[in-house]
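Hi everyone, thanks for making time for this.

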Amino acid sequence: MSTTQMFAEFQAFLDADYTLREEIRERVRDLEQTAREIQTLLQGIHHQTDTENVVILCEKTKTLFEKVTEQFDLLAAKIPEDQYYRFHDHWRFVMQRLAYLTAMKVYLTQDRLITLQETANLLGVKISRKEGFHLDLDDFLMGLLTMASELSRFAVNAVVSGDVSRPVKISRFLSELDSGFRLLNLKNDALRKRFDSLKYSVQKVEGVVYDLSIRNLISQDGSPNKPLE
């Protein structure tokens, strides 16, 4: 094979790779748009913190999450077999955001932590590398940490709206989440740095609860003593 032929083949490979990456970027942009729509809906919880409104907002995300599963199917079809991590950076951040949004939805409607499998099911992906296009564990954990920050903000806004019991529930939940993360020996630098922010979320909500207690607005078990004046 001549040098010219060799480099012609190189160019053909580069052209095909560029085309594939552009197609992947297009699919990821669609996912990013849907994720923004879901996040916009869930941001409404900060303006009306009552349980009824929160449940309504979460219910409105159902069709959008169904759209996400369709979009992940289209994206997965573009990824050559065994090349997930070659292109992973293209969808890493939108996957993390969607993991956070699914975690928020489950917590807001069921007062519990979502599992890895449940998150994958809601997004329409797998949890194992052997199965193909999947939810990477690091992306799932990053999503949980983002949820923690959002819940600390929600706790503050709940008090502003007169709901003094919700911060207590959030405080307990975040403390359990923090305990869980402390069991992990985190190797990923980005994940370890993000984990550092969890303690600030925990402290922030604990401060809210402490202030409510000092003002005698909640009892020792966290139930409200009287409405905010």
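Let's begin with the largest nonpolar core, which has 65 residues. By nonpolar core I mean a set of buried Ala, Val, Leu, Ile, Met, Phe, Trp, Tyr and Cys residues joined through side-chain atoms within 4.5 Å. Buried means under 20% relative accessible area, exposed means over 50%, and partly exposed is in between, with a 1.4 Å probe and protein chains only. Phe72, Trp91 and Leu98 have the most contacts inside this core. Which helix gives the largest share of the core? Helix 4 does, with 13 residues. Helices here are DSSP runs of H or I, at least four residues long, numbered from the N terminus.

A quick word on where this comes from: it is a predicted model, where local features need pLDDT of at least 70 and side-chain atom pairs count only at pLDDT 80 or more, while totals for chains, interfaces and linings use all residues. Residues are numbered from 1 along each chain as its sequence is written, and side-chain values use heavy atoms, leaving out hydrogens and water.

Now look at helix 4 (residues 84-110) beside helix 1 (residues 3-42): they pack at an angle of about 15°, with axes 9 Å apart. The axes are lines fitted to C-alpha atoms over the stretch in contact, and angles run from 0 to 180 degrees between N-to-C directions. Helix 1 is therefore roughly parallel to helix 4, a label for angles under 35 degrees. Their contact has 15 nonpolar, two polar and seven charged residues. For that count, Ala, Val, Leu, Ile, Met, Phe, Trp, Tyr, Cys and Pro are nonpolar, Asp, Glu, Lys and Arg are charged, and the others, Gly among them, are polar.

On to charges. Side chains of opposite charge can pair when their charged atoms come close. We call it a salt bridge when a side-chain nitrogen of Lys or Arg is within 4 Å of a carboxyl oxygen of Asp or Glu. How many are there by this rule? The count is 11 salt bridges.

In one of them, Arg153 pairs with Glu150, with the closest N and O atoms 3.4 Å apart. These two sit three residues apart in helix 6 (residues 137-160), so about one helical turn separates them. Arg153 is partly exposed at 33%, whereas Glu150 is buried at 12%.

Asp178 and Arg182 form another, at 2.8 Å between the closest N and O atoms.

Finally, find Asp17, Arg21 and Arg86, which are linked in a network of salt bridges.

Terms used
Parallel < 35°, antiparallel > 145°, perpendicular 65-115°, else oblique.
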